[in-house]
Amino acid sequence: MSSNVDQIKSRLSITDLVGSYIKLYKAGANFKAVCPFHNEKTPSFFVSPIRESWHCFGCNRGGDIFSFMMEIEGVDFSEALKILALRAGVELKRDDPRERNEKDILTKVTESAVSFYQGKLKEEDNARAYLKERGLNDDSIKNFHIGFAPTGWRNLYDFLKSKNFSDTDMEKAGMVIKSPKGYYDRFRSRIMFPIFGSMGQPVGFSGRIFGEESHSESTGAKYINSPQTPLFDKSKILYGFDKAKNTIRQENTCVLVEGQMDLLMSQQTSITNTVATSGTALTEEHLKIIKRLADNLILSFDTDEAGLSASERAVGMALAMGFDVKIADIKEKDPADLIKKSPEEWEEAIAKAKPFITFYLDKIISKFKDIKDARKEVEKKIIPLLSKIKSEIERSHYVSETAKAIRLPEEPVVAELKKLLKNNKTEHFTSHPQISSQNQVKIQKSRKQSIEDRLLGLILWQRKNTENNFKEVLETVTLKCVDLLSEEGKKILNTDEDELDENMKKSYNKLTFEAELSYTDSETLDKEAEILLAGLEKESLKERLEELSDKIRQFEIAGDQENLSLSLEEFQKLIKLL
Ligand SMILES: [Zn+2]
């Protein structure tokens with residue numbers, strides 16, 4: 001563990017941190033709360049101040065202050081580290097102070113530009129009228145800090161200069177461009193949409209052409225974005241994410257649109273869990289950011305050819321990342337147009353979004369009158385999408401939907417899919433038509449496993465309890481149980497918590513919480529531990545007997561008399577121990 005992490009942990013209390021986001025209630029040595037990460041009415045979210053950890057029994061999330069920050073703010077570890085370091089007043093050692101300083105200055109440049117453009121929009125009646133005409137209300141214009149970059153070459157440059165920013169910093173922030181004749185403004189005669197990072201800090205702009213220059217040939221694209229800067233990486237920034245992240249998490253669903261206007265308009269309706277890719281192709285990084293907060297994705301891209309193919313690509317990527325993907329079926333050109341016409345229809349389109357497979361199959365079936373043509377289209381469009389799905393169970397569910405729609409048995413669909421998977425060198429595919437995604441098999445924990453879990457939890461919990469008065473019993477039980485544990489159990493018991501990998505850490509944390517919650521009032525922990533150990537011994541013995549009877553059957557078939565009698569003898573011996 002790095003010393004940065006240790007230092008931060010020692011300065012921040014987990015209850016203060018979590019308590020600043022959600023209401024905590026005292027529950028014995030712990031605190032409990034309604035989980036912020038899944039929908040529930042009865043609290044199953046627990047925080048342990050002693051172990052500096054948290055766990056939710058409802059959604060099985062858990063960890064320390066860093067993982068809490070990652071989950072609740074939708075940031076990655078390094079960002080969580082930065083936020084918490086700031087909160088704890090810890091100077092990050094590996095963070096180059098020069099780099100930090102530079103980012104601070106560039107953020108200030110960008111902030112100044114935001115307020116400059118906002119001021120200019122107030123003077124620009126036509127631009128404001130245009131935004132109103134598109135359907136934006138005053139709140140949106142204010143909350144999203146929309147502004148205007150005036151015509152002319154050095155308006156922003158002169159303003160930033162008057163604020164004592166250097167030419168290099170302005171250029172690095174992407175606000176001005178260097179030419180042989182000096183620096184000039186990158187954005188001119190444009191409506192300016194600031195782009196914010198996940199913590200709400202401005203990182204760049206997207207500017208839409210407006211006014212005088214929009215008629216000249218030399219101005220270029222309808223929209224231009226800030227270039228790549230130390231603050232702005234367009235492959236990692238989703239427009240509107242800072243405002244949408246809370247509802248995305250609460251609803252476990254994210255609505256993804258293409259344009260800023262789509263997003264701004266959607267934020268004026270009840271669909272506030274919306275983000276936009278905003279003028280750039282969707283990347284895996286974008287989806288990773290969403291995946292930290294939600295498992296469900298609803299796409300609503302433009303309905304023209306370009307939008308449809310962008311949407312298909314997005315579906316493929318999202319499926320490969322394990323999202324449950326739906327598509328909103330809208331008739332207008334894009335969400336912004338629909339919302340302007342009727343916000344209610346947009347809300348309904350989202351509520352009735354179709355699973356991607358239904359959406360595409362419906363489209364294909366209604367487009368092609370001849371079923372043979374529809375089948376060809378399915379082979380071209382649907383099968384490649386199905387090949388992206390990770391879960392075989394889900395995939396087979398979609399296979400059966402597809403086969404039904406094109407009135408064929410599942411086998412030919414599976415065969416085509418197999419061909420593709422073979423080419424993709426993806427894992428082997430088998431059809432499980434009997435299992436649909438709604439009906440997933442939950443793997444039943446064996447009796448032995450659940451006893452092991454309880455015993456392990458008890459040991460791990462009491463290990464950290466310095467006041468326990470049954471150290472000796474605990475040590476004996478620990479020694480005796482080790483050989484009976486599963487491989488994972490052994491590892492968890494014998495490894496220092498910090499050395500465990502993420503999954504094991506999570507199990508460790510969960511087992512400890514479970515034990516604490518069920519044994520906290522018990523005054524006979526030593527007895528409990530011995531009972532669990534006896535149970536574990538018995539279950540292990542049963543397992544051994546099972547194996548032995550398998551062998552006996554095989555020896556019988558093979559006519560191996562010698563081994564048969566040896567095994568029978570052992571069987572008799574073991575069964576007496578039960
Ligand atoms: Zn939960």
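This is a predicted model: local features need pLDDT of at least 70, side-chain atom pairs count only at pLDDT 80 or more; totals for chains, interfaces and linings use all residues.
**Entry 1: N164**

A helix here is a DSSP run of H or I, at least four residues long, and helices are numbered from the N terminus. With that in hand I went to N164, and I find it in the loop between α8 (155-162) and α9 (167-172).

What made me stop at N164 was its backbone: phi is positive, about 70°, although the residue is not a glycine. Is N164 buried or exposed? I get 71% relative accessibility for N164, so I put it down as exposed, the cut-off being over 50%.

**Entry 2: N60**

I then turned to N60, another non-glycine residue with a positive phi, here about 65°. N60 sits in the loop that runs between β4 (53-56) and β5 (62-63). I looked up its accessibility and found a relative accessible area of 35%, so I note N60 as partly exposed.

**Entry 3: the whole thing**

Stepping back, I looked up the overall numbers. I count 25 helices and 16 strands in the protein. The C-alpha atoms fill a box of roughly 100 × 70 × 45 Å along the principal axes. Of the 578 residues, 46% are buried.

E537 and P202 are 335 residues apart in sequence, and I find their C-alpha atoms 61 Å apart in space. E537 belongs to helix α24 (residues 525-558). Its relative accessible area is 37%, so E537 goes down as partly exposed.

For the other pair I took M261 and S278, which are 17 residues apart in sequence and 9.1 Å apart from C-alpha to C-alpha. M261 is in helix α11 (residues 260-267). I get 5% relative accessibility for M261, so it counts as buried.

**Entry 4: cysteines**

How many disulfides does the structure hold? I searched and got 0. C35 has 5% relative accessibility, so I call it buried, under the 20% cut-off. C59 comes out at 23%, so I list it as partly exposed.

**Entry 5: salt bridges**

My search of the whole structure turned up 35 salt bridges. I looked at some of them by hand.

K172 pairs with E102, and their closest N and O atoms are 2.7 Å apart. The two come from distant parts of the chain, 70 residues apart, with K172 in helix α9 and E102 in helix α5 (residues 97-123). I checked both ends for accessibility. K172 has a relative accessible area of 39%, so I note it as partly exposed. E102 is partly exposed as well, at 22%.

D233 and K236 also meet through their side chains, with 3.9 Å from N to O. I wondered whether that pair would pass, and it does, because the cut-off for a salt bridge is 4 Å. K236 has a relative accessible area of 44%, which puts it among the partly exposed residues.

Next I took E570 and R544, whose side chains form a salt bridge at 2.9 Å, N to O. How accessible is E570? I get 29%, so E570 is partly exposed. R544 also has a relative accessible area of 29% and is partly exposed.

**Entry 6: a negative patch**

Last stop was the surface. I found a negative patch formed by D6, D496, D498 and E499. D498 has 38% relative accessibility, so I note it as partly exposed.

Conventions. Residues are numbered from 1 along each chain as its sequence is written. Side-chain values use heavy atoms; hydrogens and water are left out. Patches are made of residues with over 30% relative accessible area and no salt bridge: like charges are joined within 9 Å, nonpolar side chains (Val, Leu, Ile, Met, Phe, Trp, Tyr) within 5 Å. Accessible areas come from the Shrake-Rupley method with a 1.4 Å probe; for residues, only the protein chains shown count as cover. Lys and Arg count as positive and Asp and Glu as negative; His and the chain ends are not counted. The place of a charge is taken as NZ of Lys, CZ of Arg, CG of Asp or CD of Glu. Buried means under 20% relative accessible area, exposed over 50%, partly exposed in between (1.4 Å probe, protein chains only). A disulfide is a pair of cysteine sulfur atoms within 2.5 Å.
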